[in-house]
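My notes follow in the order I took them.

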Amino acid sequence: MDILQLILSILPPIIAIGLALITKEVISSLLIGILAGTLIYSQGNVVGMVTATFELMGNKIGDNVNILIFLGLLGALVVIVTRAGGSAAYGEWASRKLTTRRGAALATSALGCLIFIDDYFNCLSVGTVMRPVTDKHRISRAKLAYLLDATAAPICIIAPVSSWGASVASYMADATGLNGMTTFVKTIPYNFYAILTIIMILVVCLTKLNYGPMAKFEKNAIEKGDLFTHTENVVTDDFGGNNGGKALKGKVYDLVIPILALIVCTVIAMVYTGGGFSGTPFLSSFGECDSSFSLVLGSFLGLVVTFILYIPRKVLSFVDFMGGITEGIKSMVPAFTILILAWTIGGVCSSDYLNTGELVGNAISNSAFPTFLLPAVIMVVAAFLGFSTGTSWGTMAILIPIGAAIASAPQTQHLLLPIFGCTLGGAVYGDHVSPISDTTILSSTGAGCNHLDHVSSQMYYASTVLVCCLVGHVLMGLMGGSMVVPLIVSVALLLAALFVLNRVQSKKDSIDYSQVKF
C-alpha cells in the first residue's frame with residue numbers, strides 16, 4: 001500500500017478535528033477539512049475543489065434529506081409541546097417527584113434508555129424534557145449532554161427494534177449470508193463498550209464521580225450555579241416555546257401522549273416500510289425497513305396526533321400551533337448546518353473520493369497480527385475511523401464486511417462474533433469522542449451546552465471505558481472467543497479505575513456538595 005496515499009486519505013478529518021479542538025469553532029473547521037479533502041481529490045485543482053465540494057454536499061443532502069425532514073418535524077413537535085405547556089407541566093411534576101440530584105440524573109438516563117428507537121430522537125427529546133429538572137438540581141449542561149449521548153447510541157446499538165439494529169443487521173446479512181437480525185442479537189453480549197458504558201452511566205448517576213474537564217463543569221454548576229461554564233457557541237438552549245407570554249394550559253399527558261404517539265407511530269412505520277403489512281415477518285420487517293423514512297412518517301403522524309389532542313381542547317390555537325412548526329424548524333438550523341458539513345466530510349473520506357475506510361481497513365487486515373489480538377485491533381481501527389469520519393454507521397458499514405472477511409479464514413472463524421462486537425463498540429466510541437459526529441452534535445443540541453465542552457468532557461469518560469474493554473477483548477482472544485470471563489474482568493477493571501480516578505480528582509480539587517441535595 002502507498003503510505004502517502006494512506007496519509008492523504010486521513011488528512012482531511014485530522015485537519016477538521018485539529019482545528020475544531022484548537023479554535024473551538026466547529027463549522028469553519030469542518031469546512032476547511034472538506035476543502036482540504038476535495039483539493040486532494042482534485043489533485044490541486046482549485047476549481048475542481050469547489051465543484052467537488054458542492055456536488056458532494058448536494059448528494060449528501062439528497063441522500064439524508066429524510067433525516068433533515070425528521071429533525072425539522074421533531075423540532076416542531078418539541079416547540080409545540082413546549083408552547084402548550086406540556087414540558088413545563090412535566091418539569092413541575094418531575095421536580096416534585098425528583099427531589100435529589102441522583103434522582104434527576106437517574107430519571108434522565110432511564111428516559112434515554114426507554115427511547116431506544118433512534119439516537120437522534122433520543123438526544124433531542126430527552127434533553128428538552130429533562131433540562132428544567134437537571135437545571136434545578138444544578139447538574140451542568142456538560143453532564144446532561146454526557147447522560148444523553150452515553151445512553152443514546154449504546155442503547156440503540158444493542159436494541160434490535162431500532163434504526164441502528166435494523167441497519168447493522170442488514171450490513172451483517174450482506175457480509176456473511178447469514179440471518180442478519182439473528183447474527184446481530186448474538187453479537188450483543190460481545191459489545192463490551194455498550195455494556196460497560198451503561199454500567200458507567202449508573203455509577204455516574206449514583207455516586208459523586210467526576211474527573212477530567214467534567215469535574216470543573218460540575219464544580220461551577222454546584223458551587224456557583226453556573227450550568228454552562230462557557231456560554232459561547234451553545235447550539236441551542238431554547239426551542240422557542242414561550243407561547244408569547246400567554247398562560248400555559250398543558251398537562252403532563254400533553255407531553256407524554258405526543259412522545260408515545262411518536263414512538264408507536266415510528267414502530268408502525270418501520271414495520272410498514274419493511275413490508276410487515278405485506279407478509280414479511282415482524283422482526284424481519286425491522287431489518288428491511290427504511291429507517292429514515294420511517295422516522296419521517298412517525299414524526300408526521302405524531303404531529304397529527306398532537307394536533308388532534310391540542311386544538312379541540314384549545315390548549316393551543318391553530319395560529320400558535322402552526323407558528324410552533326415554523327419556530328421548531330428554525331431551531332434546527334444550527335444542527336442542520338453542522339450535520340450537512342459532517343456528512344460532507346464523511347463523504348470526502350468515502351470510497352468514491354479518498355477511500356479512507358478501505359485503506360485503513362486493508363492496512364490492518366493485511367498486517368501479520370497475532371490472531372488473539374484481532375478483536376482488540378479491530379476495535380482500535382473502528383474507534384479511529386469513527387473518530388475521524390464522525391459517523392459510527394459509516395464505520396460499521398466499512399468494517400463489518402472486512403471483519404467478516406477476516407473471520408472467514410479457518411483459524412479465525414471462532415472470532416466472527418467478537419470481531420463484530422468490537423466493530424460496533426469501537427464505532428460507537430469513535431462517534432462519542434468525535435467533534436464532527438452527528439449524535440455528539442445533537443447531544444449538545446438537546447442539552448443546550450457548548451459543543452466542544454461536551455466533547456472534551458465525554459472523551460475522558462468514554463476513553464476510560466474503551467481501555468477497560470480493550471483489556472477484556474485481548475483476554476477474549478486468548479480464551480478463544482469466550483466472553484463471560486473477559487466481560488467480568490472488564491467490568492471489575494472499570495469499577496476499580498473509576499474508584500481510583502475519583503479519589504485522585506477529589507484530592508486535587510474536591511467539590512462542595514452542601515448546596516445541593518444529592
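Entry 1: The model is predicted. I looked up F518 first. F518 has 18% relative accessibility, so it counts as buried under the 20% cut-off. I then checked Y513. Y513 is buried too, because its relative accessibility is 12%. The rings of Y513 and F518 form an aromatic pair.

Entry 2: Which residue lies over the face of Y513? I found K208 there, at 4.7 Å from the ring centre. K208 also lies over the face of F518. For F518 I noted 5.3 Å from the ring centre.

**Entry 3: other aromatic pairs.** I counted 7 aromatic pairs in the model. One of them joins F307 and F318, with ring centres 6.2 Å apart. Their planes stand at 90°, so I put the pair down as edge-to-face. This pair links distant parts of the chain. F307 sits in helix 15 and F318 in helix 16, 11 residues apart. F307 has a relative accessible area of 29%, so I noted it as partly exposed. I also found a cluster: ring pairs link Y146, Y211 and Y461.

**Entry 4: salt bridges.** How many salt bridges does the structure hold? I got 5. I took R101 and E218 from the list. Their closest N and O atoms are 2.5 Å apart. The pair links distant parts of the chain, 117 residues apart. R101 belongs to helix 6 (residues 101-114), and E218 to helix 12 (residues 213-224). Buried or exposed, I asked of R101? R101 is buried, at a relative accessible area of 5%. E218 is buried as well, at 0%. I then traced a network of salt bridges that links R101, K143 and E218.

**Entry 5: R141 with D135.** I looked up R141 next. R141 forms a salt bridge with D135, and the closest N and O atoms are 2.7 Å apart. R141 counts as buried at 5% relative accessibility. D135 counts as partly exposed at 22%.

**Entry 6: D254 with R313.** I found a salt bridge between D254 and R313, with 2.7 Å between the closest N and O atoms. This pair also links distant parts of the chain, 59 residues apart. D254 is in helix 13 (residues 253-273). R313 is in the loop between helix 15 (291-310) and helix 16 (318-331). I checked accessibility on both sides. D254 is buried, with a relative accessible area of 0%. R313 is partly exposed, at 34%.

**Entry 7: helix 11.** I turned to helix 11, which covers residues 192-206 and has 15 residues. From first C-alpha to last, helix 11 reaches 21 Å. That is close to the 21 Å expected at 1.5 Å a residue. Which residues of helix 11 are buried? I listed F192, Y193, A194, L196, T197, M200, I201, V203, V204 and C205. I recalled that residues three or four places apart point the same way, because an α-helix has 3.6 residues a turn. Then I asked what covers the buried residues of helix 11. The cover includes helix 6, helix 8 (141-156) and helix 19 (374-389). It also includes helix 21 (416-433), helix 23 (451-478) and helix 24 (484-508).

Notes:
Residues numbered from 1 in each chain as written. Predicted model: local features only at pLDDT ≥ 70, side-chain atom pairs only at ≥ 80, totals over all residues. Heavy atoms only, no water. Salt bridge = Lys/Arg side-chain N within 4 Å of Asp/Glu carboxyl O. Helix = DSSP H or I, 4+ residues; strand = E, 2+ residues; numbered from the N terminus. Buried < 20%, exposed > 50% of the residue type's maximum accessible area, 1.4 Å probe, protein only. Expected span 1.5 Å × (residues − 1). Contact = heavy atoms within 4.5 Å. Phe/Tyr/Trp six-rings, centres within 6.5 Å; stacked < 30°, edge-to-face > 60°. Lys NZ or Arg CZ within 6 Å of the ring centre and 35° of its normal.
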